Structure formats: C-alpha cells, structure tokens
Amino acid sequence: MITVTDSAKQELKAILAARSDGSADALRLGFSASGQFGLGLDQEKEGDQIVAHEGGNVLFVGSELTEALNGATIDCEETTDERRLTISKA
C-alpha cells in the first residue's frame, strides 16, 4: 500500500481542481512517455488503490504501481519557487 500525506492530498486536490473538466473522477499516477512518474485525469478502474480527501477521490493508483511502490510515501515538498509531489520509499 502507498501512503499519501495530508499535505500531498491537499496538493492533489488543488491540481485536480485546476485541471478537471468534469469528465474525470480523479488524477491517476502513471508513467509519462519519458518513463517518469506523471499525473493524468482518469476514471476509477478495478483494482485501483483509491486516495480520498475531504469527501472526494483525488488519486487512483493502478495495481501494477501499487505493488511496485508498496511501502512508499507520496508527500508534498515546498521550495522557495514551487510545491511539488515526491515519492520516497524507505
């Protein structure tokens, strides 16, 4: 299971609100074309780990990533220039 901190959930909710056109249920963690982790709008799929915040879904993680990232934590890091999501595995 992947742990998502409260600050990361708040950031995911803000990203979802900024990007959503009403056709998606939440963001999905996946791989971009360059092989990096990325977020995209998507619908819930069978087997997803669902992360909810303040009464709504904010993130879906497919079973293939849930297994690979088992024990990882998604957090939000603030720098002087931006806020960004981080994934760390102990």
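Because the model is predicted, local features are taken at pLDDT of at least 70 and side-chain atom pairs at pLDDT 80 or more, whereas totals for chains, interfaces and linings use all residues. Residues are numbered from 1 along each chain as its sequence is written, and side-chain values rest on heavy atoms, with hydrogens and water left out.

The chain contains two helices and seven strands, where helices (H or I, at least four residues) and strands (E, at least two) are DSSP runs numbered from the N terminus. Along the sequence these elements follow the order β-α-β-β-β-β-α-β-β. The radius of gyration of the chain is 13 Å, close to the 12 Å that the globule rule gives for 90 residues, so the chain is as compact as a globular protein of that length; the radius is taken over C-alpha atoms, and the rule is 2.2 Å times the number of residues to the power 0.38. Of the 90 residues, 33% count as buried, a term that means under 20% relative accessible area, with exposed meaning over 50% and partly exposed in between (1.4 Å probe, protein chains only). Residues 24 or more positions apart account for 47% of the contacts with a separation of 6 or more, contact meaning heavy atoms within 4.5 Å.

The largest nonpolar core has 16 residues, and those with the most contacts inside it include Val4, Leu12, Leu59 and Ile74; such a core is a set of buried Ala, Val, Leu, Ile, Met, Phe, Trp, Tyr and Cys residues joined through side-chain atoms within 4.5 Å. Helix α1 (6-19) and strands β2 (26-31), β5 (56-61) and β6 (72-78) each supply at least two residues of this core, and α1 gives the most, with four. Leaving aside residues up to four places away in sequence, Ile74 touches, among others, Ile2, Val4, Ala8, Leu29, Leu59, Leu85 and Ile87.

Val51 lies in strand β4 (residues 49-53) and, at 6% relative accessibility, counts as buried. Beyond its neighbours within four places in sequence, Val51 is in contact with Val4, Lys9, Gly56, Asn57, Val58 and Leu59. Thr66, in helix α2 (residues 63-68), also counts as buried, at 16% relative accessibility, and touches Met1, Ile2, Gln49 and Val61 when residues up to four places away in sequence are not counted.
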